[in-house]
2 protein chains.
Amino acid sequence: MRVQIKEWLEEHREEAVSFLQKLVQEGSVQGNEEGVQRLVRDRLTDINLEVDFWIPDDDAFLNHPYFCATRKDFSKSPNVVGKWTGTGGGKSLVLNGHVDVVPSGDPNQWDHDPFSGQVQDGKMYGRGVTDMKGGNVSLLLALQCLKDMGVSLKGDVLFHSVIEEESGGAGTLAAILRGYTADAALIPEPTNMKIFPAQQGSRWFRITVPGRSAHGGTRYEGVSSIEKSMLIIQQIQQLEKVRNARVKSPLYEKTPIPLPINIGSINGGSWPSSVPDVVTIEGRVGVGPDETLEAVTEEFEQALHDIDDEWLNIHPVKIEWFGAQWLPGSIDVEHELMGILQSRFKEVVGREPEIEASPWGTDGGLLTQVGNTPSIVIGPGVTSVAHYPNEYIELDKIFEAAELFTLVIYDWCGAES
Amino acid sequence: MRVQIKEWLEEHREEAVSFLQKLVQEGSVQGNEEGVQRLVRDRLTDINLEVDFWIPDDDAFLNHPYFCATRKDFSKSPNVVGKWTGTGGGKSLVLNGHVDVVPSGDPNQWDHDPFSGQVQDGKMYGRGVTDMKGGNVSLLLALQCLKDMGVSLKGDVLFHSVIEEESGGAGTLAAILRGYTADAALIPEPTNMKIFPAQQGSRWFRITVPGRSAHGGTRYEGVSSIEKSMLIIQQIQQLEKVRNARVKSPLYEKTPIPLPINIGSINGGSWPSSVPDVVTIEGRVGVGPDETLEAVTEEFEQALHDIDDEWLNIHPVKIEWFGAQWLPGSIDVEHELMGILQSRFKEVVGREPEIEASPWGTDGGLLTQVGNTPSIVIGPGVTSVAHYPNEYIELDKIFEAAELFTLVIYDWCGAES
């Protein structure tokens, strides 16, 4: 069977690269996902899946406790699901890939137009090519290959082509609430083909630290919000130590800080010679695969309230949880899908897979916690170039992943002989 | 003589209040000083002083090492000097007042139009009324009073009506370089009638702290410029302690931090989930009356270079000295003018004067260090409302100061009997 798959992939290589290029050229940043979703819809239709193409807008979705987005209007941002209905008796599988991409940033930092999909030396360059359109193409190739080989799967396969992963996961939430869940899920986010049975969640915080203004020459008459911010930062550093000391999972053995709290920005004060009366600190707190957002939120807020400072006791900091959030996700490392994946990985790649926990959130969190669909993240993209200028993917890896996914779907869903 | 002066001031009170109101109404923020300077020029002409009204634009001025301004074009910003040439044999005196005012800021924070000069309950309100047009009017009243009383002074009096005090002192520098220096100077900046024989100078710094970006979820792959900034801030706090431990002058006895280093702003990082790769810290370092800008600059830079940190050793911070600077100024507390001032103060105000060092810079620094004209700062304005909304001055204080200045000029310059 592997020989047959490899031949099929070789025959469809050129066409797949051209399709990936078209996906990149759509430049599907937030609010501009319609073009790329039409391409995906047509592709799913071509390979004979039942296609659902819809605008997420119902109340159950918009008012869900885990709805997290910077907008409520998705009229230009359809979701797509392709369903392969099995013959029955097999286990079902979600294949989840997002089509939204982060902005390309300063075009001068790119060697090529970020939305050209230029190919050079076996790599395709472009925003979103590694995160995660390359992985999506691997999945589509796997489905098309199985169809072309005439395989009849027993279990259902649901291909999620979702929006909003980069901004809080509303696309996957909408798919889950529309009933597109399964016994397990595969998500080909860029992992360099590492297997991530656990995914770190995260949440963004904004802390507003008060002070009292005064002339810099008599600064003792004021209270510096920058000095008070240092107490906050020290407490956050301490909290990070305490939280990480509790992490025992072998998945984090090689990770210097399993659950980082990143202080991403600090801004305050307006004049060199005035005492700054307010500072804003923004950051991201990592949420362990076995934690809830709620518990981490409470621990974080408690730590800041525990600071014993004369000024802050009377003028407490304000804590806001804003912007994006990602639920943590996980699957039992002994789960059957993990076994299939590892075994087929050895066969296809020729070595033992690396198994770790992801340092960032994926839609696997929502699938696990809201959709009751335990998820594994593994994909052909290059982790280190996601969100960066000159994002690229090695084309060979896309076909390696496609081969792996073909075999894993076949094993997991089962096939009529 | 005091009775005569008091009567004269009483007769001219209404007219002086009206003149001050006009000065305020000119709204002489940077670049808009021409109107107010025309009013001053006309007043000086009326009281028979020799008037010099000029645009500072010569090379010696623009290229002077202590030229410090945000502009080089003063074509709408004339300087004015009025000269009363003495009969000879007396000591000369500079009377220095700036006409530029800081911006009024948010007008909603004012109870009155900031440029109306509204009078209510014995106070005049408006931007610049306390800092320092009220003090300037006191000086003009003193000169006019002496003229009207027919006094023939022996020493010369030079009345400086200067621009740019709020932005680095270019107006006073121009007056000094044009030769308008004297044996001593009086500057009626708002001191609540305290006597400041020493004035703190200051300089603004900008520190750029480098880091290395990374995803927040793998923050250990980056270097946080916010964490490195904390080392910088701690070192600055330590330097402030060391510097202040050296201050022994009794003028600073009541001051909690004689020479503050104010950290005025901090800005860095752009995304909650990214490691911040650059932070900018701006602030103001106080320069003691007996220090030079150059020595303080060197000590500050050395302190930052002394930080022993693996990252900063290879990627040193950038230090810039930008924006405004004020030279420190001082006069010997045993100087003859100090004696005259204290003695006349007791007579006019009826109590011992408070003698301190100013926590901020004035044009007295340039007069002392560049013009070789030791300076005393004392004025009728309210220190705490300078630069703030609802800036005001108590009108009575203007006339009290005018009486004091009349007697001090008379004593210092000497008069033909």
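Select β4, β5 and β16 of chain B: these 3 strands form an open sheet in the order β4-β5-β16, with antiparallel pairing. Strands here are DSSP runs of E, at least two residues long, and helices are runs of H or I of at least four, numbered from the N terminus; two strands pair if DSSP finds at least two bridges between them. β4 (119-120) and β16 (392-394) of chain B are the edges, each with a single partner strand, so one side of each has no neighbour in the sheet.

This is a predicted model, in which local features need pLDDT of at least 70, side-chain atom pairs count only at pLDDT 80 or more, and totals for chains, interfaces and linings use all residues. Residues are numbered from 1 along each chain as its sequence is written, and chains are lettered from A and ligands numbered from 1 in the order in which they are written.

Next, show β5 (residues 123-125) of chain B with β16(B): they pair in the antiparallel sense over 3 bridges. M124(B) is opposite I393(B) of β16(B).

Now move to chain A and select helices α7 (residues 225-245) and α8 (residues 293-305), which pack at an angle of about 135 degrees with axes 10 Å apart. Axes are lines fitted to C-alpha atoms, for helices over the stretch in contact, and angles run from 0 to 180 degrees between N-to-C directions. Show I232(A), Q235(A) and L239(A) of α7(A) with F300(A), A303(A) and L304(A) of α8(A), the residues that make the contact (C-beta atoms, placed from the backbone, within 7 Å).

Methods: Contact = placed C-beta atoms within 7 Å.
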